[in-house]
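Please look through the sequence and the model below before reading on.

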Amino acid sequence: MEAESTPVATKPKLGSGRSKGLLLLGVVWPSATILFEWLTRACAAEFFDPLPTWIHLFLVLLVPVTAFCAWRRSGHDDLTIAVPHERVLLGAAWFVASVYILSFVLITIQSMYLIMLVPLALAAEAGMAALLPWMAASLPFMALGPLMAWLTLWFTQKRLVKGSTSSRLPWVGAAAAALALCLVEVPLLFTSKVAQFHRGAQPSVKWTYEKGIRWIGSEPILRQLAYGRLNTPPGLFCWMGGGGLYSFRNFSDLASTESASDLYYRSYGRLHTQLQPLPIAQSHLDFDERRGGSEDGINGFVWDSDVGGDRTGVRMKGLTMKSSRLDWHLDPVSSLAYGEWTIEFNNSYSNPQEARCQILLPPSGFVSRLTLWVNGEPREAAFATPSKVKAAYQTVAIQQRRDPVLVNITGPDRIMAQCFPVPVGGMIKIRLGITAPIPEEGLVMPALIERNFTIPEGTRHHTWLQS
């Protein structure tokens, strides 16, 4: 008699070399790449931002999760039928990995080239200098993460589809991932392209652009463009649409700051400077950058690219308005009003800063006097042509780093005032003399419309009048 053999389910052999390779290439390597980019923002700082939103992060995490599901089945001799959600995951991960490998194609080629040069660099170096090539080599290896994930899904797809009675589930997952990616990428691409073409468009086309921005645009991206703080494309579609598949291009060359500022105002009905610019987080390990910087921080160094320029620029950390007082004298005989606006600025940061603001004057008003306190004594300013006062300000403030104040006309009933430097841990005090006619409906007070300093909560503009 022959004994009948009973089939026994085999246990996973997860310690095999093939299984370890799947775990390393499909799970560990892509996960390390995602973590590396999320912490350092290396690709976002140099090429494009592959993780501009949390939805992007969720989508890319589907790839190592799917590879992990395949790894769990890699040690089974008798593959069981994959559950439906695993087949959906396979389709979604396959689509996401394909899009990212297409986005990284040029970076991947250059990374492979750099990796081949590492052994030569190590052979040529000695001692501590030999560590530098290893540090440089970590970046190319991280750039190969999407390629490793894509290859792993290619070789392990059968583990998640064998025995399946439905071949549509992976396509459902791919369609869902494509829809999610389009929903988050289209606003980024649309905003960047509209900001690029808005200025030279016809009025009817401009109105269409502005309406589209309100409906499907990205307000944070447009605000960053208006501040001039985006040097790399914010997303996959912007990167590929700007030529990222075949050449590296500076994103700031494609988007106009002036056009973005105008588009922001026309679309949202407010100036972009009324809100803080979103931080360009070079690293999520830099917690001050993650929070966008504290207003009254005293540590570190803050860089202001608009010192001495014609723009108000961004809100500077540690720069505040300490006090504000308006003294008015109204003359009913001549129907003229003369007011003196005295403002004090304080700097609690660790480097000198420039205070800048744009002021809306009363109708038909003008600045007739300008005073700066130097060593506690008031000093009167001189009046000249815009080019002369600008040149003098650049020489005294920016080069000699002394105490000047500059006021220029920027438009009808609008001026820009700037003073530099507001010393570290100190203050600077200025006074604007404003003359304006008194209309029948009454005197209109001047107002701050743009500023690069913070007004602390609870601050009041003290006003005194006589007539």
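Predicted model: local features only at pLDDT ≥ 70, side-chain atom pairs only at ≥ 80, totals over all residues.

Two strands are taken to pair if DSSP finds at least two bridges between them. Strand S1, which covers residues 319-331, and strand S10 run parallel and are joined by five bridges. Within this pairing, His329 stands opposite Gln466 of S10.

The S1 and S10 pair belongs to an open sheet of six strands, ordered S5-S4-S8-S2-S1-S10, in which the pairing is mixed. The edges are taken by S5 and by strand S10 (462-466), and each of these has a single partner strand, so one side of each is left without a neighbour in the sheet. With direction ignored, neighbouring strands of this sheet are turned by 20° against each other on average.

A further open sheet has four strands in the order S6-S7-S3-S9, and here the pairing is antiparallel. Strand S6 (405-411) and strand S9 (447-451) are the edge strands, each pairing on one side only. From one strand to the next, the twist averages 30°. Strand S3, residues 353-360, pairs with S9 in the antiparallel sense over four bridges, and the bridge partner of Gln358 in S9 is Glu450.

Cys357 also lies in strand S3. Is Cys357 buried or exposed? Its relative accessibility is 2%, and because buried means under 20%, Cys357 counts as buried. Between Cys357 and Val407 there are 9.8 Å in space, C-alpha to C-alpha, although the two are 50 residues apart in sequence.

The charged side chains come next, and the count of salt bridges is nine. One of them links Glu354 with Arg356, where the closest N and O atoms are 2.7 Å apart. Glu354 is buried, with a relative accessible area of 0%, and Arg356 is likewise buried at 0%.

Another salt bridge is formed by the side chains of Glu380 and Arg369, at 3.0 Å from N to O. Glu380 lies in strand S5 (residues 377-380) and Arg369 in strand S4 (residues 366-374), so this pair ties together parts that are eleven residues apart in sequence. Glu380 counts as partly exposed at 46% relative accessibility, and Arg369 is partly exposed as well, with a relative accessible area of 28%.

Glu377 and Arg379 form a salt bridge too, with 4.0 Å between the closest N and O atoms. Glu377 is partly exposed at 46% relative accessibility, and Arg379 is partly exposed at 44%.

The backbone deserves a separate look. Most residues other than glycine have a negative phi, and most peptide bonds are trans. Against that background, which residues are joined by a cis peptide bond? They are Phe420 and Pro421, with omega at about 0°, and Pro421 is found in strand S7, residues 414-422.

Asn375 is not a glycine, yet it has a positive phi of about 55°. The residue sits in the loop between S4 and S5, and at 76% relative accessibility Asn375 counts as exposed. Asp413, which is not a glycine either, has a positive phi of about 55°. Asp413 lies in the loop between S6 and S7 and is partly exposed, with a relative accessible area of 28%.

Leu24, Leu25 and Val28 form a nonpolar patch on the surface, and together they have about 240 Å² of accessible area. Leu25 has its place in helix H1, residues 17-40, and is partly exposed, with a relative accessible area of 33%. Arg270 is found in the loop between helix H13 (257-268) and helix H14 (287-290). Its relative accessible area is 28%, so Arg270 is partly exposed, and its side chain makes a polar contact of 3.3 Å with the side chain of Tyr264.

Conventions: Residues numbered from 1 in each chain as written. Heavy atoms only, no water. Patch = residues over 30% accessible without salt bridge, like charges linked within 9 Å, V, L, I, M, F, W, Y side chains within 5 Å. Areas by Shrake-Rupley, 256 points an atom, 1.4 Å probe, with all protein chains shown as cover. Helix = DSSP H or I, 4+ residues; strand = E, 2+ residues; numbered from the N terminus. Buried < 20%, exposed > 50% of the residue type's maximum accessible area, 1.4 Å probe, protein only. Polar contact = N/O pair within 3.5 Å; in protein donor to acceptor, adjacent residues only side chain to side chain. Axes fitted to C-alpha atoms, helices over the stretch in contact; angles between N-to-C directions.
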